[in-house]
Amino acid sequence: MDFLFESQNEGKKVYLRDLINEKSIILVLLRHLG
Amino acid sequence: MREHNDSIVSHGVTIIAVVPTDSPQIREYLNVYGPYPFAILGDPEQIAYKTLGLRHVSLGKSLKIITEYLLTGRIREIFPKDNEQMKIIMKAMSSQDVYQLGGTWLIETTGEILWQHIDSESADHAQIPQILQTLEKFKPLD
């Protein structure tokens, strides 16, 4: 499973696989912001 | 999740939150509601949501839930009194898919999904005790 997400920093994107490589993660997909 | 960050990450995991919107909206949100101890990333096209087969709540169900909040005096949990917070909420409601449901996964460094909770309705989130029990059970690798 790999996805490309937008970072909080404008113009920067991050792959889920790069985050997983560092540490096991709890991934939470939220309904919406707010 | 924010309030329980320390308990969760003490098990050697990182929390990653994903929302169905873009970086500018995330930054606006964090300016009003932040800070958060974990990353909030954007999936404006909802690619992950669609790929993972996450559900949508119906309009009827959404209206029923809002009505329940209104009748039980909890409407401020959805529509805050603070003007800045309300602006964020209204923008989210007008620009994001408010019917989209979410989910929670525990993913090992190998990419293996050790556990998941797929929300079946808007109030059906993975509970913190459940997440902590799962982390105790699976003890993710370093």
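Trainee: Which residues does B:Gln25 touch, not counting residues up to four places away in sequence?
Mentor: B:Gln25 touches A:Leu33, B:Lys91, B:Ala92, B:Ser95 and B:Gln96, where contact means heavy atoms within 4.5 Å. Keep in mind that this is a predicted model, where local features need pLDDT of at least 70, side-chain atom pairs count only at pLDDT 80 or more, and totals for chains, interfaces and linings use all residues. Residues are numbered from 1 along each chain as its sequence is written, chains are lettered from A in the order in which they are written, and side-chain values use heavy atoms, with hydrogens and water left out.

Trainee: Is B:Gln25 buried or exposed?
Mentor: B:Gln25 is buried, at 13% relative accessible area. Buried means under 20%, exposed over 50%, and partly exposed in between (1.4 Å probe, protein chains only).

Trainee: And where is B:Gln25 placed?
Mentor: In helix H2 of chain B, residues 23-33. Helices (H or I, at least four residues) and strands (E, at least two) are DSSP runs, numbered from the N terminus. The side chain of B:Gln25 also has a polar contact of 2.7 Å with the side chain of B:Ser95. A polar contact is a pair of N or O atoms within 3.5 Å; within protein, one must be able to donate a hydrogen and the other to accept it, and residues adjacent in sequence count only if both atoms are side-chain atoms.

Trainee: Which salt bridge has B:Lys91 in it?
Mentor: The one with B:Glu28, at 3.0 Å, N to O. B:Glu28 is in helix H2 and B:Lys91 in helix H5 (residues 83-95) of chain B, so the pair ties together parts 63 residues apart in sequence. For the rule, a side-chain nitrogen of Lys or Arg must be within 4 Å of a carboxyl oxygen of Asp or Glu.

Trainee: What area is buried between chain A and chain B?
Mentor: About 3600 Å², with carbon and sulfur atoms giving 65% of that. Buried area here is the accessible area (1.4 Å probe) that two parts lose on being put together, summed over both. A:Ile26, A:Arg31 and A:Leu33 supply 25% of what chain A buries against chain B, more than any other three residues.

Trainee: How many residues does each chain put in?
Mentor: The contact takes 24 residues from chain A and 56 from chain B.

Trainee: Which element gives the most on the chain A side?
Mentor: S3(A), with six residues. S3(A) also runs antiparallel to strand S3 (residues 103-107) of chain B, joined by five bridges; two strands pair if DSSP finds at least two bridges between them. In that pairing, A:Leu27 stands opposite B:Trp105.

Trainee: What about A:Glu6, buried or exposed?
Mentor: A:Glu6 is buried, with a relative accessible area of 18%, and is found in strand S1 of chain A. Among the residues that A:Glu6 touches are B:Asp22, B:Ser23 and B:Pro44. A polar atom of the A:Glu6 side chain lies 2.8 Å from the backbone nitrogen of B:Ser23.

Trainee: Last one: which residue meets A:Asp2 in a salt bridge?
Mentor: A:Arg17, at 2.5 Å, N to O. A:Asp2 is in the segment before S1 and A:Arg17 in helix H1 of chain A, 15 residues apart.
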